[in-house]
Amino acid sequence: MSWQKIIVETQTESIEAISNILMTHGAEGVEIDDSAELDYYQPSDATVMVKKEDIIHRLNGAAVIGYFANGLDLQSLTASIQIEVNQLSDFGLDAHPGTVTIQSVADADWATEWQKYYHPVRVTRHITIVPKWEDYQPVQTDEQVIVLDPGMAFGTGTHPTTKLMIQALEVIVRGGESVIDLGTGSGVLGIAARLLGAGEILGTDIDEVAVKSAQGNVDLNPKAADMTLIVSDLLKDVPEKKYDIVIANMLAEVLDMLIPNVNDILQPNGHLLLSGIYYDKRDKIIDALTEQGLVVEQSTKLGDWYGIIAKLEDEED
């Protein structure tokens, strides 16, 4: 199959939004080249001695690259993508310069070019994310390995918002909790919750392509085999049930819409784990949580991003 790629030049804070735009327009995979990635560099194997200054990396801004099969009307796609990128400023996101261009990809090089960007990543003390083509053996006895196909959907564990959420799961999960992962993307957070000991897990996403991608990743991780995945716009098609843990790694603008309704699905004394919060949106999100009677127990920063753990306290306690 022949491929072309659409490249969007942007800033770190707009990466996830632009990744979503590209995927909804039919990208078979999304590659991220982010100058901020070096700030979060952590080798998966402590015996690997690589100095940060020796790593070839982008100096500023970010590029989000979507891979598209030949035969599509990429000129029309590019025009539509450009409009949506330009609209990100309406949501308070800096996407400049926001240029959208097309570039051909040599057929023989596509698979190897794709795979060279993804290697095992030690996300937290207990979780390592490994692309499916790597033969990786855990370094520590308490290390849990998540196997992902990075070509299937964005959200592969390398972004700070994902790391913040997995760190929050390590803090909260004690074993057996029911979990709902809203906007599951690649499914990585739901899979991580299971490996950390959670019980029943439901993952949802507004995008049917993302749900299929997440299912593919669940299939790569037998311990998470009974994780359920459905298509739902936030809580629209979620079954009437309350969960011990609600996960939402989304843009702050979407979290604003979710928070007023989250008590409908959160058990008393349950926890809401949020990420995808750029530094200038943190206070607004905390105010929204407080208005709903949620108590912020922890706010963690990684680069320019925040993760929040909030608790719905039982009024009877």
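Buried residues make up 52% of the 317 residues in the chain, where buried means under 20% relative accessible area, exposed over 50%, and partly exposed in between, with a 1.4 Å probe and protein chains only. This is a predicted model, in which local features need pLDDT of at least 70 and side-chain atom pairs count only at pLDDT 80 or more, while totals for chains, interfaces and linings use all residues. Residues are numbered from 1 along each chain as its sequence is written, and side-chain values use heavy atoms, with hydrogens and water left out.

The chain has eight helices and 14 strands; these are DSSP runs numbered from the N terminus, helices being H or I with at least four residues and strands E with at least two. Among contacts in the chain between residues at least 6 apart in sequence, 69% join residues at least 24 apart, a contact being heavy atoms within 4.5 Å.

Let me turn to strand 3. How many of its eight residues are buried? Eight of the eight residues of strand 3, residues 62-69, are buried, so the strand is largely enclosed by the rest of the structure. Strand 3 pairs with strand 1, residues 3-10, in the antiparallel sense over eight bridges; two strands pair if DSSP finds at least two bridges between them. Within that pairing, Lys5 stands opposite Tyr67. Strand 2, residues 29-34, also runs antiparallel to strand 3, and six bridges join them. Here Asp33 has Ala63 as its bridge partner.

I move on to the nonpolar cores. A nonpolar core is a set of buried Ala, Val, Leu, Ile, Met, Phe, Trp, Tyr and Cys residues joined through side-chain atoms within 4.5 Å. The largest has 31 residues, and those with the most contacts inside it are Ile129, Ile146, Ile191 and Leu273. Among the elements that give two or more residues to this core are strand 6 (127-131), strand 7 (144-148) and helix 4 (160-172). Helix 5 gives the most, with six residues. A second, separate core of 29 residues includes Val246, Ala248, Ala288 and Leu294.

Finally, the aromatic rings. The structure holds two aromatic pairs; rings of Phe, Tyr and Trp (its six-membered ring) pair if their centres lie within 6.5 Å, and planes under 30 degrees apart count as stacked, over 60 as edge-to-face and the rest as tilted. The rings of Tyr278 and Tyr279 have centres 4.9 Å apart and planes at 50°, so this pair is tilted. Tyr278 is buried, with a relative accessible area of 9%, whereas Tyr279 is partly exposed, at 46%. The rings of Tyr278 and Trp305 have centres 5.0 Å apart and planes at 70°, so that pair is edge-to-face. Because Tyr278 lies in strand 12 (residues 266-278) and Trp305 in strand 14 (residues 305-312), the pair ties together parts that are 27 residues apart in sequence. Trp305 counts as buried, at 2% relative accessibility. Together, Tyr278, Tyr279 and Trp305 form one aromatic cluster.
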